[in-house]
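Biologist: Could we go through this model together? I would like to begin with the contact between the chains.
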Amino acid sequence: MQRTLEDFLGALRASDVRVSPAEAIDAFRAVFEVGYGDRELFRDALCVTLAKSAEEIDRFEVCFDIFFARDEFTRRGAEPALPPGSPTPDGSATLAEMLSAGDSAGLAQAMEASAARVGAGDIQLRTQRSLIVRRMLDDMGLRALEAQIGALRERGEVEADRLSEQRAGLFVEANRFVERQARLHAAMTARRLREALLSQQALTSVELQDFKAMESLVRRMARRLASRYARRRRHARIGRLDVRRTVSRAMVHGGVPFEVFWKSQAIHKPKIAVICDVSRSVAAAAQFLLLFLYSLNEAVERLDAFAFSDRAIRVNDVLEAETMDDAITLILARIGMRPTNYGAALEDFFALQGARLDRRTTVIVLGDGRSNYSDPRLDLMRQISERARAVIWLNPEPETDWNQGDSRMESYRRFCTVAKSCNTLRQLEQIIDHVLRTYLPKH
Amino acid sequence: MEDGGLAERDARSPGVAGLEGPTAASLDTVEGIIEGLGGVGYIASRRIATALFMATHLRKPILVEGMAGVGKTELALCSAALLGLPLVRLQCYEGLDESKALYEWKYGKQLLYTQILKEHVGAQLAGAADMAGAMARLQDVGEAFFSEMFLEPRPLLKALREPGGAVLLIDEIDKSDEAFEAFLLEILSAYQVSIPEIGVIRATTPPIVFLTSNNMRDLGDALKRRCLHLHIPLPDRRLEERIVASRVPDIVPRLRKELVGFVQGLRSMELRKSPSISETVDWARALVLLHVQSLDAGLVRDTLNLLLKFEQDIAAAEPRIGEFLAHAAHA
């Protein structure tokens, strides 16, 4: 049974449940305590020791159900020709003997053994299934079986038809077996591969069916950023001894420092103001920019969020009140898909937020800098950059396109602390992380 | 939310006090634990009981996660009552550090003693033959100042020093800093702490440790690895009815059924904060106080603010009250 448990741990790892050696030992200890008799208790005990978050619990349960669902080898064809129990399935029995004897337990054992030999557990992609089925059956002695069927048929014996019928059944069983293995081992690997690809794909060219996957990626990313960001903000809480105050106060007690004073550091909470372009020219990327804005708003405490195309509006209330999908739809409906006018948008932003920009504020602009040849209002941009701690501009277009056509990116760039092209989720994460690390006050 | 849980327990304490001490045999099976927890007013699912069973047998801490108000803190409180152990509670918050969680030197007392003993120093040193002898004597005195006499134990140390063991509740660990989380590792795995001036203090009987988390931030892997993990989900209808029955014994069965059905309906909506068990219980209490026998739409509308804590949620739920009520009545 130890082997089975180890296999199960392997399957869990493949399903994205992280199992460290220490946890594996715990699992064995847990099983030692509860035994194998009570399936529910066995499952709960393993779940409590192995799954360490709500998502992992879900994955654990799916994995457990699949793994421990090895149903009995279904009997096919005729009733056993020999009384059950007489042929010993110790490996000496050939495939044909087991089939004609109807020895389902022996067949199941042989199949598991072959699966282990050809490495069915290493299956990575669903497309490998038929190959592995073939290899398993070969390992079980399919060739010998086929030769035997051929020989029997030549002699015209009825046994040949029965055996070939049973061979078909064997195929079905093997397929089912490998399908289960694939569900255990391949599903998660494939998902991870896809996510890795997605995070590097250009935001403007993401397919519709990948939106959901993208959404969860963005969420996870924002969360990760938020926790790193919180860590940075929290540090330096520990004060230093305020020698001057402590000594002067100690005078009262004849020089004995009864009361100790600490230099408490004023904690400046950083502020972020984000202006997000949702106009027609960035239509494809706008969804993700908003998605990111939404997740960031959940993560960062003081975020002022604006969306603009030809005018800018504050969208904090929408981000707070609505669910993610509704918020994005609502913002796009209110202000999105119109021709861009950066000048007017900056005007609005400045009117709404200008007074609140100070040395603790970081301004992040998400947009392509394409302003339809309208006045870019560089004067406002300068004022913003003078007041704010830093201005970060993230542009979904590659740098070579900046200043082509109606893009005023090169002019705006002058007033930015950082201006970067950012067209994949990976880049977005890296840059935002960099922003949070560098341009926010330390405490 | 969690504090509400504490108050609830206090309100019930006569019942708990009247309980006979649990027999040790009852904790040897999961069923026994379910029954025992039921006896102290906690209706546990099998998985919860299994977690407690594993914690007592493997001597590992339990990390309890779940929404606010599903009974995480309550589980620790009731386990303490069930096991007949004292409960030591450490509430975490941002900035919590060793001096508040583990121990602190009684600075004031140390200073006071030095002042008082000042005069005796001369007498002490009078008999010393030379400088080395005087130093040696001073050293003995100095050691005394960093002994347990001047040690102010905080919750963690208290829990370790309970001779018969204790239930240690480290509440809302996600609110503490990462540094503190790392600091906990020694206690959680070896049940010991190192105090530089004294040495290692080891628990005579390892406490049963509960850590609760609302998932404000992701906890470190090192911490998770040392703990059993228990996620308490929102209960299904039957379990919730039993919980309400246990917490609000005066409620009539019909109202209980309707109210749980209604809350379950609310949970199917995408709300900013779904009502959890503590809200259901609060609502049930309120309805009992109002002598309600059966729910109707007007009454629900008037008392909805007990279940939903955000204006937007209330606005979203109001138009669907009738639908949920009808559903609850037929289920």
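Modeller: Contact here means heavy atoms within 4.5 Å. The model is a predicted one.

Biologist: How many residues does the contact take from chain A and from chain B?
Modeller: Chain A contributes 35 residues and chain B contributes 33 residues.

Biologist: And what area do chain A and chain B bury between them?
Modeller: About 3000 Å², with 54% of it on carbon and sulfur atoms.

Biologist: How many salt bridges does the rule find across that interface?
Modeller: The rule finds six salt bridges between chain A and chain B. One of them joins Arg47(B) to Glu61(A), whose closest N and O atoms are 2.7 Å apart.

Biologist: Which helix gives the most to the side of chain A that touches chain B?
Modeller: That is α3(A), with eight residues. By class, this side of chain A holds 14 nonpolar, four polar and 17 charged residues.

Biologist: Changing topic: what is the strand order in the open sheet of chain B?
Modeller: Its five strands run in the order β2-β5-β8-β1-β9, with parallel pairing. The edge strands, β2 (87-91) and β9 (228-231) of chain B, each pair on one side only. From one strand to the next, the twist averages 20°.

Biologist: How many bridges link β2(B) and β5(B)?
Modeller: There are five bridges, in the parallel sense. Gln91(B) stands opposite Asp171(B) in β5(B).

Biologist: Which strands does helix α4 of chain B touch?
Modeller: Helix α4 (residues 72-83) of chain B packs on the sheet and touches β1, β2, β5, β8 and β9 of chain B. The direction of α4 makes about 165° with that of β8(B).

Terms used: Residues numbered from 1 in each chain as written. Chains lettered and ligands numbered in written order. Predicted model: local features only at pLDDT ≥ 70, side-chain atom pairs only at ≥ 80, totals over all residues. Heavy atoms only, no water. Buried area = accessible area lost by both parts, 1.4 Å probe. Salt bridge = Lys/Arg side-chain N within 4 Å of Asp/Glu carboxyl O. Helix = DSSP H or I, 4+ residues; strand = E, 2+ residues; numbered from the N terminus. Nonpolar A, V, L, I, M, F, W, Y, C, P; charged D, E, K, R; others polar. Pairing = 2+ DSSP bridges. Axes fitted to C-alpha atoms, helices over the stretch in contact; angles between N-to-C directions.
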